[in-house]
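Have the sequence and the 3D view ready.

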Amino acid sequence: MRGGREETNLGVLSTPSDPAERFAALRARHPELVYERFEIVEEADGWRFDFHFTLANGPRFQPFLFVPKKPGAPPPDRALLENLAFHAGLAESISYWKAACPPVLRIEAGDLSPEQTAWWRDLFYHGLGEFFYLNGLISVVDRASFVSFAVKEGGPGPIACPAEGNLVPVGGGKDSLVTLDLLAPFHAETDCFFLNPSRAREEGAALFGYGPEKTIVARRRLDPALMELNRAGYWNGHTPFSALLGFSAVLAAVLWGKRRVVLSNEASASEPTVPGTEINHQYSKSWDYERAFSAYVARWLTPSVSYFSLLRPWNELQIARRFAREERALSVFRSCNVGSAKDLWCGECPKCLFVDVLLLPFLSHERRAAVFGPATPLDKPALLPILEELAGVAPVKPFECVGTTEEVLAALALAGERPPLAAAFLETHAARLPDHALAEALLSGFHGPHQVPDSFLPLLG
């Protein structure tokens with residue numbers, strides 16, 4: 001699919017508007033996605049990993065991942081590097097599988113044990129839960145048979161490697177910056193990891209002493225042919241990006257000799273987006289996934305790299321309180337997906353509103369305006385339906401990385417001021433707010449299971 005001819009032919013094909021019929025039609029036309037192979041190319045300044053996928057009766061895809069070299073580092077163990085590259089490609093395959101949801105994922109690039117295959121089926125199913133839900137497929141997809149992995153049984157065992165110190169993935173939002181702040185006592189042995197550069201990541205990390213010499217900037221490129229399929233009317237939607245980030249970070253950790261990949265996912269990430277279901281926009285940030293992934297790394301990749309979230313014991317309110325102490329970061333951090341292409345906060349979306357609500361108990365309007373501009377999201381009564389979703393009044397939370405409904409209500413209860421939107425919400429829903437003591441309780445202690453090493457626990461107070 002390097003030219004436009006095949007894409008055009010795909011684009012003129014019509015598919016039924018009914019989700020179930022469309023699902024069946026695309027699966028019939030494209031019965032499998034083949035993960036053919038990966039290539040490892042050593043370049044002067046880094047390692048490039050090319051992944052080759054083919055959609056049956058459709059295009060070929062060749063995305064890649066580039067990880068810079070550590071100056072003076074010895075060559076990595078080749079078998080370990082190949083196993084890590086193979087797995088990074090498997091994580092990448094999810095984006096290409098979802099375009100047509102073929103019934104078979106044929107894996108020719110490597111081998112998997114039955115236990116590994118079951119693990120990957122779980123990741124596909126839960127990681128694509130939002131995708132299935134929003135595309136009307138949740139009642140169509142059968143968990144046991146929605147995809148079959150055609151793969152040779154086997155595969156290498158885990159391989160140890162030299163490792164010490166910490167690698168912190170930084171996304172540009174408040175959470176990873178709080179992690180960098182907390183890790184100040186370990187600064188000398190810690191580096192940052194960016195999956196693609198951005199102004200917010202670079203400037204945010206630099207605020208805490210992580211300049212270019214302490215940042216590993218990897219680059220990931222999607223194949224443009226996937227966007228052609230999206231424009232042609234194939235399936236599109238949310239994928240478990242944090243799972244891809246995790247495999248990429250472990251690969252970088254091995255290449256740079258790091259012992260720990262330190263995430264910034266909080267306890268709140270485990271709450272389902274659709275109450276009463278397992279559908280969670282943040283599945284690959286959840287505690288269940290963290291535990292499953294860290295066990296997978298130890299058993300099937302390398303015992304030398306651990307993976308945990310330093311912020312798992314905290315909730316979003318505790319993180320916001322800590323972040324609010326760092327006034328210098330207010331004009332730097334970004335979390336808005338709508339405005340990400342222009343490096344700004346849109347001020348209208350659920351993520352912008354959620355961040356404004358979180359900061360309300362800890363920052364004045366003037367300081368929150370340093371983030372969003374003169375009119376913050378809480379100054380906009382028209383956003384009331386979104387606040388009702390965030391607060392659990394509506395049946396479904398926004399499909400964004402937002403905290404629990406309990407935290408939203410507690411933030412409103414703890415706030416010392418009532419911006420226009422908060423006032424409009426309380427006119428109807430004041431009875432939902434917890435009393436001050438219950439709200440305050442969310443700001444102390446640990447909230448749920450975690451696997452933070454004992455040597456790091458004192459950092460959390």
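The protein chain exposes about 17900 Å² (accessible area by the Shrake-Rupley method with a 1.4 Å probe), and carbon and sulfur atoms supply 53% of that. Keep in mind that this is a predicted model, where local features need pLDDT of at least 70, side-chain atom pairs count only at pLDDT 80 or more, and totals for chains, interfaces and linings use all residues. Residues are numbered from 1 along each chain as its sequence is written, and side-chain values use heavy atoms, leaving out hydrogens and water.

Now look inside: 57% of the 461 residues in the protein chain are buried (under 20% relative accessible area, with a 1.4 Å probe and protein chains only).

What is the chain built from? It has 17 helices and 11 strands (DSSP runs: H or I with at least four residues for helices, E with at least two for strands). Its radius of gyration, taken over C-alpha atoms, is 22 Å, close to the 23 Å that the globule rule gives for 461 residues, so the chain is as compact as a globular protein of that length. That rule is 2.2 Å times the number of residues to the power 0.38.

Let's zoom in on one helix pair. H11 (residues 316-324) and H12 (residues 350-359) pack at about 70 degrees, with their axes 9 Å apart (axes are lines fitted to C-alpha atoms over the stretch in contact, and angles run from 0 to 180 degrees between N-to-C directions). H11 and H12 are therefore roughly perpendicular (65 to 115 degrees). Glu316, Leu317, Ala320 and Phe323 of H11 meet Phe354, Leu358 and Leu359 of H12, with contact meaning heavy atoms within 4.5 Å.

Technical notes:
Angles under 35 degrees count as roughly parallel, over 145 as roughly antiparallel, 65 to 115 as roughly perpendicular and the rest as oblique. Buried means under 20% relative accessible area, exposed over 50%, partly exposed in between (1.4 Å probe, protein chains only).
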